Amino acid sequence: MVETRYVEIPSPVGPLDLTRPHFVGICGAGMSALAFLLAGRGAQVSGSDVKTGETAAGLETAGCRVRAGHDAANIAGASVVVWSSVIDAANPEIVAARAAGVPVAHRSHVLAQLVAGADRSVVVTGTHGKSTATAMLAAAVGHLSPSWAAGAAPVGGVNGHAGSGLLIAEGDESDRSVALYQPEVAVVLNADDDHPETFAGAADVVGTLTDFAIGAGTLVASADDAGAREATGRVRRHGGTRVVTFGESTDADIQLLSAVPAAAAGSTVTVLDPRGVRVSWTVRSPGRAAVLASLAAYAAGRVLGEAPQVLAAGLSGFAGVARRMQLLGEMEGVRVVDSFAHHPAAIVADIAAARELTDGRVLVAFEPCGATRVRLLGARMGAALAGADEVVLLPVRDAVPTEAGPVTGEGIERAVGAAGVRVHAADGLVQAADTLAALARPGDVVVTMGVGEVAGLGAMFLQPSARPLTTA
């Protein structure tokens, strides 16, 4: 989850009746994943959202009833009404449910109940990469037909699935709700100073992820990330939880020996298994973040008792995750890649990943997200974006208004310019597409980056008749 507000999540009250759940904001990443999973288990799922589209169509295909807009009448017959941290308490469906005595539960309460009821469970968290690692693990153990729920869909698929008694789920740290989950296996990828509307810096994030990890039977954690290492140290001192680490560090239990970029995209990864065996697989998405996500998935799979070669085969067959350095297409020698990066660390990683795809230039069109994040992290975002050759900057998207009011991208623009990189301001997708078309030339990689409307920019850019490229 990216756009959120500070909320107090109440403690879960008793078991929830999930036979007829209604999701307020059903097309959201975390909500749709649970809706797909529950529908696959036979629940009569309904939901509403102010924005419908491809996700809503997929949900309806899966048997969910989706309504456009929020209305008190939508909750009729619901056994529980589910909300997420982006939903205001004054939402008419929430108000109607409380008035009618229908149980109202936070999204995390539903997932916590599913985790507790699973035969075996893995919850993946961290400030970056958790959707990718969750989907990779589901693919790596695909022969077990796991149930899973992730914050993003694999390329060509959906982001939730009902399968066996093994549940693999993404745990959202943005509102601290991850601490509610007590899985058999906890995976901590990293801990950075994200979500300033909730956390007072990286140390606060580490504390929440430590609370989560202490409740697990086994912790699988990065040996390279400073925040994850701090959480791991605290878990070890607390005792009672087995720890397995992964990474490039020589003290990692599962050590990355090499990641050789492929000619087209992605990497060939080789690791040293704890039993002294070298194991290799292919990661089909570019960049170090995808490599490390695959390492986390492999490590979690080994904790589940799966054989190295079985996991390697599952990972090699995984096509990637939508909007996570996803290749959208190529036109006149210009490749277009879509990135979900919105935090400075992720921006740096994805620009580096784009460099693997070309000897030419990297052009980034970036849509900042969240007034609080931009206000506090904007200068760092700009410094990160300066790793590109040209930057097209879209207006700040802030779907969740804050008391401090809106913010502009001026701080981002100043930081990019201070590093000597040109910034081109665009007032929307059309102007951004026009600007990219004027800038791009054969051999370049264009990266559309951010959380919101920018997801549609790549398709707009790849319209040859409408967006002719400058070849000079």
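Biologist: How many bridges join strand S1 to strand S4?

Modeller: Please keep in mind that this is a predicted model. Strand S1 covers residues 21–24 and strand S4 covers residues 80–83, and the two run parallel. The number of bridges that join S1 to S4 is 3.

Biologist: Which strands are the edge strands of the open sheet?

Modeller: The sheet is open and has 5 strands with parallel pairing, in the order S3-S2-S1-S4-S5. An edge strand here pairs on one side only, and that holds for strand S3 (65–68) and strand S5 (104–106). The edge strands are therefore, by the definition of pairing as at least two bridges, S3 and S5.

Biologist: How many residues of helix H4 are buried?

Modeller: Helix H4 spans residues 107–117 and is mostly covered. Its buried residues, among them Val110, Leu111 and Leu114, pack against H1, S4, S5, strand S6 (120–125) and strand S9 (166–170). Of the 11 residues in H4, the number buried is 8.

Biologist: Which strand gives the most to the lining of the largest cavity?

Modeller: A search of the whole structure finds 1 cavity of 30 Å³ or more, and the largest cavity has a volume of about 40 Å³. Its lining has 5 nonpolar, 4 polar and 1 charged residues, including Met136, Trp281, Arg284 and Phe318. With 3 residues, the strand that gives the most to this lining is S15 (residues 278–283).

Terms used:
Residues numbered from 1 in each chain as written. Predicted model: local features only at pLDDT ≥ 70, side-chain atom pairs only at ≥ 80, totals over all residues. Heavy atoms only, no water. Helix = DSSP H or I, 4+ residues; strand = E, 2+ residues; numbered from the N terminus. Buried < 20%, exposed > 50% of the residue type's maximum accessible area, 1.4 Å probe, protein only. Contact = heavy atoms within 4.5 Å. 1 Å grid on protein atoms, 1.4 Å probe; cavity = no way out; pocket = protein on both sides within 12 Å on 5 of 7 lines; lining within 4 Å. Points joined across faces, edges and corners; volume = space filled by probe spheres on them. Nonpolar A, V, L, I, M, F, W, Y, C, P; charged D, E, K, R; others polar.
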